[in-house]
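Hello,

Here is the structure we spoke about, with the sequence alongside. My notes on what turned up in it follow below.

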Amino acid sequence: PNIPPNSMQGFPTMPMQYIPQNQRGSVIKPGANHTKAKKRRSEKKPRVRTVLSEQQVNTLTFYYKQDPRPTTQVKEKIAEETALPKKVISVWFQNRRCKDKKKQDQDERIELAKKQDEQKKFAKLYSDFPDVISQGGIPIPMSTVSF
């Protein structure tokens, strides 16, 4: 059969004007982008992790308890007191707010789970005793209640 050279058997051919100029006749090599990204990463400087002293942590915590979102001026004052760059101060406050929010969310989920567990136990208890109702959380036998 007569198969055009730029097509595969069973697949329609696409006119050249519909193929972008940079893709005509090019071959996509697997991993080509990966090697470029890997090269860029190897050229980057390694990230530096700041290790805070106990005194620095205490100072940051003191100011955090006063205001978890300090102004630029307060951050500059903290930076002077702790001898840390302002960027480290900002990141520390951001991370601490995130940590506190995460803990608060976790505590709320635990509290909700406890309430749901109590409700299930309560429902189970009263499903076993249909002639008992509750008034203010205290079970009362139906025979003592007048309607």
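**Overall layout**

Read from one end of the sequence to the other, the chain runs α-α-α-α-β-β. That comes to 4 helices and 2 strands. Please keep in mind that this is a predicted model. The chain has 147 residues, and buried residues make up 12% of them. Among contacts with a separation of 6 or more, 34% are between residues 24 or more positions apart.

**Helices α2 and α3**

Two packed helices are described by the angle between their axes and the distance between the axes. Helix α2 covers residues 54–66 and helix α3 covers residues 72–82; their axes come within 10 Å and cross at roughly 160 degrees. An angle over 145 degrees counts as roughly antiparallel, and α2 and α3 are therefore roughly antiparallel to each other. Their crossing is right-handed.

Which residues make the contact? From α2 they are Q56, T59, L60 and Y63, and from α3 they are V74, K77, I78, E81 and T82. Sorted by type, the residues of this contact are 4 nonpolar, 3 polar and 2 charged.

**Aromatic pairs**

The search of the whole structure gave 4 aromatic pairs. Two of them are described here.

One is Y64 with W92: the ring centres are 6.1 Å apart and the planes stand at 90 degrees, so the pair is edge-to-face. Y64 belongs to helix α2 and W92 to helix α4 (residues 86–128), so this pair ties together parts that are 28 residues apart in sequence. Are these two residues buried or exposed? Both Y64 and W92 are buried.

The other is W92 with F93, also an edge-to-face pair, at 5.3 Å centre to centre and with 80 degrees between the planes. The relative accessible area of F93 is 0%, so F93 is buried. W92 has 16% relative accessibility; the cut-off for buried is under 20%, so W92 counts as buried too. Taken together, Y64, W92 and F93 form one aromatic cluster.

**Around the cluster**

T61 is also in helix α2. With a relative accessible area of 16%, T61 is buried. Apart from its neighbours within four places in sequence, T61 is in contact with W92 and R96.

S90 is a residue of helix α4. Its relative accessibility is 23%, so S90 counts as partly exposed. The C-alpha atom of S90 is separated by 9.0 Å from that of P70, and the two residues are 20 apart along the chain.

**A backbone point to check by eye**

Most residues other than glycine have a negative phi. A83 has a positive one: its phi is near 60 degrees. Where is A83? It sits in the loop between α3 and α4. A83 has a relative accessible area of 67%, and so it is exposed.

**In short**

The items to look at in the viewer are the right-handed crossing of α2 and α3, the aromatic cluster of Y64, W92 and F93, and the positive phi of A83.

Regards

Definitions and conventions. Residues numbered from 1 in each chain as written. Predicted model: local features only at pLDDT ≥ 70, side-chain atom pairs only at ≥ 80, totals over all residues. Heavy atoms only, no water. Axes fitted to C-alpha atoms, helices over the stretch in contact; angles between N-to-C directions. Parallel < 35°, antiparallel > 145°, perpendicular 65-115°, else oblique. Left-handed = near helix turned anticlockwise from the far one by under 90°. Contact = heavy atoms within 4.5 Å. Nonpolar A, V, L, I, M, F, W, Y, C, P; charged D, E, K, R; others polar. Phe/Tyr/Trp six-rings, centres within 6.5 Å; stacked < 30°, edge-to-face > 60°. Buried < 20%, exposed > 50% of the residue type's maximum accessible area, 1.4 Å probe, protein only.
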